[in-house]
Structures are given as structure tokens and as C-alpha cells.
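Let's walk through this model together, one question at a time. Have the sequence and the 3D view open as you read.

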Amino acid sequence: MNWQFHFRNFDQQGQVWFGVYHLGCAEVPWHDGRPKCWHNKITYNPTGGNNSVYAPSSFAVNFGDWFKVIVDGLKEVENICMIVASEGTDEDAWVDAVTGIFDITEDTVTAALAQNNIQLSDLIAMSNKAFAQSAAAVGKSPQDIINIANEMGLGGSGFIAGKTYDSLIRQNNDTINNGNGWTILANGGTGNHIANHAFVNNGHMCYYWNSNDLNGFWNTF
């Protein structure tokens, strides 16, 4: 998988500093015990551009099978903060959306369902419930999240937030980051903030910044 981190700045004036920290990197300074891999000041770019993408070296990325993470997360309802936003509830359309969002094949989806003995209709119902919980984790409604994804030009996309984002992406674990978590920081001139969310599109992590709408997307520290 060609993993990437994308940063979207919705502030029309000024720059926002973004930094990525990971144990597989060699720069300084450190945060969470991790050296800085990449940083840049990004001007207004709600749909991308302006040198706002960090693509880690392959040795630093071992994210495995996204769909397994989805299924495992959906089994524990109290911890769900990952959703798949797609048009309608048609099963074929939902599978098509998942393959695009997480950059996996339809065969992978089918195999994961069979291996975990899960009916697709049940998984769709669970992911719809997860949608509301994901949005609530950042103080938003599901429609708010859809609107933001559309403004970013992502269309149908995955969304991960709150404690599930923290446990899977920031914390060191063997599920998705090979024991080396990722710390994502931002500073828009009002102090340091740490990411508490990511949109997922084509297997990439996309971060939304709006200084007038930080809510739970970014936490101060």
C-alpha cells in the first residue's frame, strides 16, 4: 500500500504548521518519544496541494489489512469510531465504496467476511451505527462529517476518530502500526494541537484543519 498523510487547511489567511512523528524516522525534536519525520507550513488548501503530503518510507509503514481492522473494531461496539460513508445501503455499492476507501480488493472484502462469519448486511448496519459514534467523538453529526469530506473533495470516505484513532494510530500496537505509533501535530498560531481524527481515502490518512472548527478533530496538549 502506498501509504500517505494528507493535510487540508481550511483557514483562508495564514499558515498552519503540521508535523509527523514516528519511531522509524531520524529527525528531531521528539514528541511521545518519537523523532520528527516530516513537517511543513501549509497555506489554504481544502482540496489538497501546497506540498501538503507526506509519504513515509516503506520501512516505516506496515498497516496490514484495513478491512480486518474494520471488522475487529465493529465487533466491540463500545469502541467503534470507524465508519464507512457511502451512498445508500445497496450491498454492491457498499463493497465498491470500501474497496476504494481502503485501497483493497473486492476479494479481500469477501474473504474477510467469510473468515469472520459476518453477513454483509450486518456489517453495513453496524457501520451505519458506527458513523454516528465516530461523528460524536469529534462533536459533529454524521451529515457534518459527510459535508466536510465533500468539501475536501473526498466523496465517500472512511473516518476514524476518538479513542479508536488514538489506540490504532497514535498508540504503539501490532494491529496496524507494527509497534510504532504515529503522532500528528499542528499549530495554527494558537498553540500546539494533536490529531484526534483522520479521513481515510484510497488508503491514505487525510487530516482536516479549521481553526474555527477544531472541536474534537484536534486536542490541545
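Q: How are α4 and α5 oriented to each other: roughly parallel, roughly antiparallel, oblique or roughly perpendicular?
A: Keep in mind that this is a predicted model. Helix α4 spans residues 120–137 and helix α5 residues 142–151, and the two pack at an angle of about 80° with their axes 8 Å apart. Angles of 65 to 115 degrees count as roughly perpendicular. The two helices, α4 and α5, are therefore roughly perpendicular.

Q: Which residues make the contact of α4 with α5, and what is their class?
A: From α4 come F131, A132 and A135, while α5 brings P142, I145 and I146. Sorted by class, this contact has no polar and no charged residues; six are nonpolar.

Q: Which residue of α5 in the contact with α4 is also in contact with F199?
A: The α5 side of the helix contact is P142, I145 and I146. Leaving aside neighbours within four places in sequence, F199 is in contact with residues including I148, A149, M152 and I145.

Q: Is the aromatic pair of Y207 and W218 stacked, edge-to-face or tilted?
A: Y207 is buried, with a relative accessible area of 0%, and W218 is buried too, at 2%. Y207 sits in strand β11 and W218 in strand β12 (residues 218–220), so their pair ties together parts eleven residues apart in sequence. Their rings are 6.1 Å apart centre to centre, and with 50° between the planes the pair is tilted.

Q: Which residues have the most contacts inside the largest nonpolar core?
A: This core has 55 residues. Y207 and W218 also belong to one aromatic cluster, with F18 and W209 among its other members. The residues with the most contacts inside the core are I184, F199, Y207 and W218.

Q: Which residue just after α2 takes a positive phi?
A: Helix α2 covers residues 91–101, and its buried residues include W94, V98 and I101. Just after this helix, a positive phi of about 55° is taken by D103.

Definitions and conventions. Residues are numbered from 1 along each chain as its sequence is written. This is a predicted model: local features need pLDDT of at least 70, side-chain atom pairs count only at pLDDT 80 or more; totals for chains, interfaces and linings use all residues. Side-chain values use heavy atoms; hydrogens and water are left out. Axes are lines fitted to C-alpha atoms, for helices over the stretch in contact, and angles run from 0 to 180 degrees between N-to-C directions. Helices (H or I, at least four residues) and strands (E, at least two) are DSSP runs, numbered from the N terminus. Angles under 35 degrees count as roughly parallel, over 145 as roughly antiparallel, 65 to 115 as roughly perpendicular and the rest as oblique. Contact means heavy atoms within 4.5 Å. Ala, Val, Leu, Ile, Met, Phe, Trp, Tyr, Cys and Pro count as nonpolar, Asp, Glu, Lys and Arg as charged, and the others, Gly among them, as polar. A nonpolar core is a set of buried Ala, Val, Leu, Ile, Met, Phe, Trp, Tyr and Cys residues joined through side-chain atoms within 4.5 Å. Buried means under 20% relative accessible area, exposed over 50%, partly exposed in between (1.4 Å probe, protein chains only). Rings of Phe, Tyr and Trp (its six-membered ring) pair if their centres lie within 6.5 Å; planes under 30 degrees apart count as stacked, over 60 as edge-to-face and the rest as tilted.
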